[in-house]
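Work through these exercises with the model open. Try each task before reading its solution.

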Amino acid sequence: MTTENPSQLTPADIDLSDLRFWARPLKERAEAFAVLRAQPGPAFNTLPKLPFLPQSPGSWALTHHAEVTEASRHPEVFSSEPSATSPADMPRWMDKYFNSMIDMDDPRHAKIRRIVSRAFSPKMLAKAEDDIAHRATRIVDELIEAGGGDFVSQAAARLPVEVICDMLGIPTRHHRRVVELTNIIVGYSDPEYVGATVEYSGGAAKLGRLATLRMLGTVASAGWRLHRLAFQLGRERKGAPTDDLTSALVNANVDGERLSPREFAAFFLLLVVAGNETTRNAIAHGLKLFTEHPDQRELLLADFDGRIAGAVEEIVRFSSPVIFMRRNVTRDYELNGHAYRKGDRVTLFYWSANRDESVFTEPERFDITRSPNPHVGFGGPGPHFCLGANLARREITVMFRELFTRLPDITAGEPDRLMSGFINGYKRLPCTFTPPTTRPRTPA
């Protein structure tokens, strides 16, 4: 991607399959997607051939809000099988770890969602809500005691992982390991997490045989370890149910349907990944956005209860923690004037749809009073809309209430961004604040 003058970019300058594109400043990324949205048809992206992986036929980029929402509403045409989260197909042997309901269509998807929806009942979510405020208070207590530091590890990552682990009944001693393993799974393209460095030759990305093996092995090992934890907890709760989500899932019986052990383990992995990574990145991006836009912070603090709901939606829209999902075309279909053919692949770029000028006025302006705000930060409408969206909204709300009540001047420094075209994440984010004169501690 040419960067000397991003405003003069052409579609030929933009390669969404090149990791170097996703390492560019967010402003340049936004300008590139604006160029793609202005074109009369979708851009097509080829993927480099990687050792041990099936050759991908490439993918059409859906960058408009209307395209993303229509494709989301028609899963019978835009299928999630065989994969929704990877641009290329993974080896079939990895399906046993990562083939969860996010990669399924009906009737398999409907079966699992029916069972899971019962487990995400208002009673279960109310139980979690009662615990979130106490945890947020303790986390901010410890952030104050530390005097600042890395906001991601000390605050943003802790709240969602503690909440989802508590909901699933995962013992505290495993929490840190869960974070490490989910970092590897969503950070599969970041050398820090998988130790596989992408090389570039003649302008093309290249991942050698050894690097590919290292990446696949590291990611598969993380999946296997989470499955092993799931199987262990599932066996315990099958024999001695408690009031946690694991017990609800392994013992659920909806119209005679139950989750198999592998289905439960795959959904367990999906929950700990989605329940940790996406919310933590929304919280981290939120602090960075309020640092860069002090007028919006002042607006929020002037009427926190009246404006926090809109602020949460705007944080999710602007940051779009999940950048894309893939869909696989099952039959010929025309969308936005383009004829797609059976066997085509499309990529739903939520990050771009959330900046569509035809839907959002001044999309690059962070505005917590934006209304309406029909973002697709939790996925598009349809059966794959995020099951945990309301839990995520609650966690973000509670964390910023605690932060801005006790540390109203907390600010973020420059982030260390995740090298990824899938997750818009921060690995580290320094924060500073004026220590409060009184430091109430949560009860032990």
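**Exercise 1.** Which residues do ring pairs link into a cluster?

*Solution.* This is a predicted model, where local features need pLDDT of at least 70, side-chain atom pairs count only at pLDDT 80 or more, and totals for chains, interfaces and linings use all residues. Residues are numbered from 1 along each chain as its sequence is written, and side-chain values use heavy atoms, with hydrogens and water left out.

Step 1. Apply the pair rule: ring centres of Phe, Tyr and Trp (its six-membered ring) lie within 6.5 Å; planes under 30 degrees apart are stacked, over 60 edge-to-face, the rest tilted.

Step 2. The count comes to 19 aromatic pairs.

Step 3. The cluster links Phe21, Trp22, Phe33, Phe324, Phe349, Trp351 and Phe422.

**Exercise 2.** Describe the pair of Phe33 and Phe349.

*Solution.* Step 1. The pair is tilted, with 5.3 Å centre to centre and 55° between the planes.

Step 2. Locate both rings. Helices (H or I, at least four residues) and strands (E, at least two) are DSSP runs, numbered from the N terminus. Phe33 lies in helix α2 (residues 26-37) and Phe349 in strand β10, so the pair ties together parts 316 residues apart in sequence.

Step 3. Check burial (buried is under 20% relative accessible area, exposed over 50%, partly exposed in between; 1.4 Å probe, protein chains only). Phe33 is buried at 0%. Phe349 is buried at 5%.

**Exercise 3.** How are Phe400 and Phe404 arranged?

*Solution.* Step 1. Their pair is tilted: 5.5 Å centre to centre, 45° between the planes.

Step 2. Both sit in helix α17, 4 residues apart, so about one helical turn separates them.
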